[in-house]
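Me: Can we go through this structure together? I'd like to begin with one of the hairpins.

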Amino acid sequence: MPNKAKKREPLRRSPPSKRNKGAPDAAKKADAKLDFQDPHHVSAQRNSLELAIGHEVRDFRRKLNMTVAELAAMAGMSTGMLSKIENGQTSPSLATLQELSKALQVPVTAFFRKFEEEKDATYVKAGMGLTIERRGTRAGHQYQLLGHSLSRDLAVEPYLITLTKDSDVFPVFQHDGIEFIYMLEGEVGYRHGDRLYQLTPGDSLFFDSDVPHGPEQLKKLPIRFLSIITYTRADRG
């Protein structure tokens, strides 16, 4: 029997109008999604002057328990304009900021506080920490300050502490705040209150520092550990 050629089904294609329908909208949505997820774009927005001003205006308004409508009326602007300012969607003129400052009873410069706030970082090369004196210095404890915080209510002081053959035990430190210790080298019996902890490299200790504490047994020298002390500046006057 002769082979019968299989009859081919014609390739079905969607009509152009139906196939492309909605493509531009989908592309726009994809672009918008990518724009939203772009970390550089988001960072730029968050750091903008407009957003910083808007944040402060909203914060001051809420502290006075004022509605958007109430503040807008007192500052002589529409609620829509005030909403744009608070959301960082527009750059207010100096005259507008002056009216807002009068209504909120704050100086104009208060609106720039967050934008001008210093964001600091401290870089310290190995062995180049700032040598300072603390109570333990008299006992032969060497302190190297590795950084500090500026103009904040919360103070953080990271130290590299070294104990040598010339160091004495001193288990009676007391100061405000909390402390975190991380062992780098050597071995020490470290007291906190009525407990004695044997610390070796990799061990850590986190404690309330208003309880008497400090190295009581210098077991393996030299001893080096990181000590990070945190306290509120109000506690120390």
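Me: Which residue takes a positive phi in the hairpin of β4 and β5?
Reply: Gly193 does, with a phi near 65°, and the hairpin has two residues between its strands. This is a predicted model, in which local features need pLDDT of at least 70 and side-chain atom pairs count only at pLDDT 80 or more, while totals for chains, interfaces and linings use all residues. Residues are numbered from 1 along each chain as its sequence is written, and side-chain values use heavy atoms, leaving out hydrogens and water.

Me: How many bridges join β4 to β5?
Reply: Five, with β5 covering residues 195-199 and the two strands running antiparallel; strands here are DSSP E runs of at least two residues, helices H or I runs of at least four, both numbered from the N terminus, and strands pair if DSSP finds at least two bridges between them. Arg191 stands opposite Leu196 in β5.

Me: Switching to helices, how do α4 and α7 pack?
Reply: Helix α4 (residues 49-63) and helix α7 (residues 94-104) pack at about 25°, with axes 10 Å apart, where axes are lines fitted to C-alpha atoms over the stretch in contact and angles run from 0 to 180 degrees between N-to-C directions. The pair is therefore roughly parallel, a label for angles under 35 degrees.

Me: Which residues meet there?
Reply: Ile53, Val57, Phe60 and Arg61 of α4 meet Leu97, Leu100 and Leu104 of α7, contact being heavy atoms within 4.5 Å.

Me: And what does Phe225 touch?
Reply: Leaving aside neighbours within four places in sequence, Phe225 has contacts including Tyr159, Ile181, Met183 and Tyr190.

Note on methods. Parallel < 35°, antiparallel > 145°, perpendicular 65-115°, else oblique.
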